[in-house]
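Reader: Could you walk me through this one, feature by feature? I'd like the general idea each time, then the case at hand.

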Amino acid sequence: QPADVDLAVADQLAQRRERQQRDHDGQLVGVDDPDRVGGRNPQLLPDGRQGDVGDGAVKHRQSDAERHGQNGPQAAGHRHVRRPGGQGADFGEAAGRLRGEPRGAPAGGGQESGDFQGRISEYDRRENTMSLHCEHIVKTYSGKDVLREVTLDIQPGKIYGLIGRNGAGKTTLLSILTAQNPVTRGSVTLDGEPVWENRRSLEKLCFSRELNATAESGLSSMKAKEYLRIAATYYDGWDKALEERLVKLFNLNLKKKFAKMNKGMLSMVTIVVALCSKAPYTFLDEPVAGLDVVAREQFYKLLLEEYASSGRTFVVSTHIIEEAADVLEEVIILHEGRVLIEADTQAFVDSAVHVSGKIEEVDAATAGLEVHQPETVGRSKGVTVFLKPGQRVDGSRDVSVQPVSLQRAFVALCGEEAAR
């Protein structure tokens, strides 16, 4: 993390915000532009000033459901999100909102003031219909292209998974999408407007990345409570009640300096920032790094709660694919700086099968198909096959055809070059 933010000024802004909050019966009011740190996008935390994102995405899905005569959370155009372990997510209030019922308090204990909720404007309602688009992104470091012609369309109201091997360019891509890193070539727009040095766009973006608490980063001496107070200053929609809930849930010691925290604790801080920011587009880079299995399960449940109550868009980068697979609606696979796959998660997994049997039978059954990761043991062979629409494995052959997981499909694609 860059260390050139004037923390004294940020602290003054935080104190001013607290005074304003007391003066207005708990209602957060904005900070004028001239008072912002250096008049630019703060680099310690992204400048994402945003309140409640409204019901735009829910209304969009509802209209899609009406066209197909459906009224449940599995309406056309919305893939059923599964909780970790394969259990269907019970969205509760969110499902009611899909049926047009009145909106209540957000799930997960985060409370918004009635006045703030009552002031949702038409502009707020539009925010969940805005798409984030990047086109022909190229990023070069020291003459080497880290990202190569990346084009993506991040639609509102979905949970995306960004997966790839180490060095694939995931963190670089996320930093470019959130205007924390300039492109070498290409463009990034939100609702048709560039995100770079554009306050209207930056207000809607949050990039919660791994914290580097080394002495060189300037964060080693900072306490968690100071970091969260600064975050609350930058994000107008900051959910204080949710912050208190998460701090208690994760048993975070806010008086502890980052240098004294382990990797799991630092990840918990980034999760708090991401969820409490209420930014319509929220990006999390390796949010579960260092967390034990219980904390990871808690994170994914919290993510689904927040998604169901707000309709926010989340992009989650992770190496722990199997745990995240049941939460991700869309998957983006980045390989050697290029987008290899951008698809509905379930549709992508369903397109892949594992075929095994005797070598000659497997070869005949998969002739003309896209075959990856062949493995031969004696006279037996196993391959992963990706089927295009209308294709199928030859059922007349003596082979076993089994479904594969998202992780196995990813390994088959990125573990080695395809064999045709």
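This is a predicted model: local features need pLDDT of at least 70, side-chain atom pairs count only at pLDDT 80 or more; totals for chains, interfaces and linings use all residues.

Reader: Sheets, then. In what order do the six strands of the open sheet run?
Author: Strands of a sheet pair through backbone hydrogen bonds, either parallel or antiparallel. Here the order is S6-S7-S8-S3-S9-S10, with mixed pairing. Strands, like helices, are DSSP runs numbered from the N terminus (helices are H or I, at least four residues; strands are E, at least two), and two strands pair if DSSP finds at least two bridges between them. S6 (205–208) and S10 (338–344) are the edge strands with a single partner each, so one side of each has no neighbour in the sheet. From one strand to the next, the twist averages 15°.

Reader: Which strands flank S8?
Author: S3 (residues 159–163) runs parallel to S8 and is joined to it by four bridges, with Tyr160 opposite Val315. S7 (residues 281–285) also pairs with S8 in the parallel sense, over five bridges. In that pairing Leu284 stands opposite Val316, and Asp285 has Ser317 as its bridge partner.

Reader: Is S8 buried or exposed?
Author: In a regular strand the side chains alternate between the two faces of the sheet. For S8, Thr313, Val315 and Ser317 lie on one side and Phe314 and Val316 on the other, all of them buried. Buried means under 20% relative accessible area, exposed over 50%, and partly exposed in between (1.4 Å probe, protein chains only). Five of the five residues of S8 are buried, so the strand is largely enclosed by the rest of the structure.

Reader: And what is the order of the four strands in the antiparallel sheet?
Author: That open sheet reads S2-S1-S4-S5. Its edges are S2 (144–154) and S5 (193–194), each pairing on one side only. S1 (residues 132–141) and S4 (residues 185–190) share five bridges, and Leu132 stands opposite Leu190 there.

Reader: On to helices: at what angle do H10 and H11 pack?
Author: Two packed helices are described by the angle between their axes and the distance between the axes. For H10 and H11 it's about 5°, with the axes 11 Å apart. Axes are lines fitted to C-alpha atoms, for helices over the stretch in contact, and angles run from 0 to 180 degrees between N-to-C directions. That makes the two helices roughly parallel (under 35 degrees; over 145 is roughly antiparallel, 65 to 115 roughly perpendicular, the rest oblique). Met268, Ile271 and Leu275 of H10 meet Ala295, Phe299, Leu302, Leu303 and Glu306 of H11; contact means heavy atoms within 4.5 Å.

Reader: Last one: which residues touch the most other members of the largest nonpolar core?
Author: In soluble globular proteins, nonpolar side chains tend to be buried together. A nonpolar core is a set of buried Ala, Val, Leu, Ile, Met, Phe, Trp, Tyr and Cys residues joined through side-chain atoms within 4.5 Å. Of the 47 residues in the largest one, Phe258 and Val269 touch the most other members. H10 gives the most to this core, with nine residues.

Note on methods. Residues are numbered from 1 along each chain as its sequence is written. Side-chain values use heavy atoms; hydrogens and water are left out.
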